[in-house]
Amino acid sequence: LEEGMASDLSQIYFNDPVDAVALGIPEYYDVIKKPMDLGTCKAKLMRGEYAHAQELLLDIQLVWSNCRLFNTPGSDVVEACEDVERVFKDLWRKYSLVLADANANAGGKDKSNKASTSLATTKTNNTDSAKGTKKRKKPQVVEVETVEEEEEEEE
């Protein structure tokens, strides 16, 4: 999370809650019913409010969807959103985090090589051979328990 938050675009647009008054957009809260920003995601993570990695990923996705809902396509903030979202998705792949995507699961057949993820509290690398799970230490804040499935034959 911190790695993705470090970019200039993230710091300008997405790390802090939208200040509708300062930005002169009083209609913001009429349009956006569940505001979310990356700083709030980090605070919730630090307080232990996410039981599973999916919950964190969903909140991060909410940042992007709120941005696209409120702002004009092609605007500077939407272009920044696309750039920062791409960085986050690359990080998710790097750390084997996946977010279930209903559109990618067309026809009820999941063709992706997904891993089930949950937040782990262990500080060491352990393998539970009975369950086939691996606990991997992740940078800074998040450790993720990953259960790997068979790899897809071809993409």
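Predicted model: local features only at pLDDT ≥ 70, side-chain atom pairs only at ≥ 80, totals over all residues.

Trainee: In what order do the elements of the protein chain run?

Mentor: Helices (H or I, at least four residues) and strands (E, at least two) are DSSP runs, numbered from the N terminus. The chain has six helices and four strands. From the N terminus on, the order is α-α-α-α-α-α-β-β-β-β.

Trainee: What share of the 155 residues counts as buried?

Mentor: Buried means under 20% relative accessible area, exposed over 50%, and partly exposed in between, with a 1.4 Å probe and protein chains only. For the 155 residues of the chain, the buried share is 33%.

Trainee: Is Leu 57 buried or exposed?

Mentor: Leu 57 sits in helix H5. Its C-alpha is 9.1 Å from that of Cys 41, a residue 16 positions away in sequence. The relative accessible area of Leu 57 is 1%, so the residue is buried.

Trainee: Which side chain does the side chain of Asp 59 contact?

Mentor: Asp 59 also belongs to H5, and it counts as buried because its relative accessibility is 7%. A polar contact is a pair of N or O atoms within 3.5 Å; within protein, one must be able to donate a hydrogen and the other to accept it, and residues adjacent in sequence count only if both atoms are side-chain atoms. At 2.6 Å, the side-chain partner of Asp 59 is Tyr 50.

Trainee: Why do the buried residues of H4 line one face of the helix?

Mentor: In H4, residues 38-46, the buried ones are Leu 38, Cys 41, Lys 44 and Leu 45. The arc is that of the directions from the helix axis to the C-beta atoms. These buried residues line one face of H4 because, seen down the axis, they fall within an arc of 120 degrees.

Trainee: Which residue caps the N-terminal end of H4?

Mentor: Look for a side-chain oxygen 2.9 Å from the backbone nitrogen of Gly 39. That oxygen belongs to Asp 37.

Trainee: What arc do the buried residues of H6 cover?

Mentor: The buried residues of H6 are Val 77, Val 78, Ala 80, Cys 81, Val 84, Glu 85, Phe 88, Leu 91 and Trp 92. They lie on the same side of H6, because the arc they cover around the axis is only 145 degrees.

Trainee: And which residues are exposed on the other side of H6?

Mentor: Helix H6 spans residues 76-94. On its other side, the exposed residues are Asp 76, Arg 93 and Lys 94.

Trainee: Which helix gives the largest share of the lining of the second largest pocket?

Mentor: On a 1 Å grid over the protein atoms alone, a pocket is an open set of points where a 1.4 Å probe fits, with protein on both sides within 12 Å along at least five of seven lines; lining residues have an atom within 4 Å of a point. Of the 19 residues that line this pocket, the closest to its centre include Tyr 13 and Val 77. Helices H2 and H5 each supply at least two lining residues. The largest share, four residues, comes from H5.

Technical notes:
Residues numbered from 1 in each chain as written. Heavy atoms only, no water. Expected span 1.5 Å × (residues − 1).
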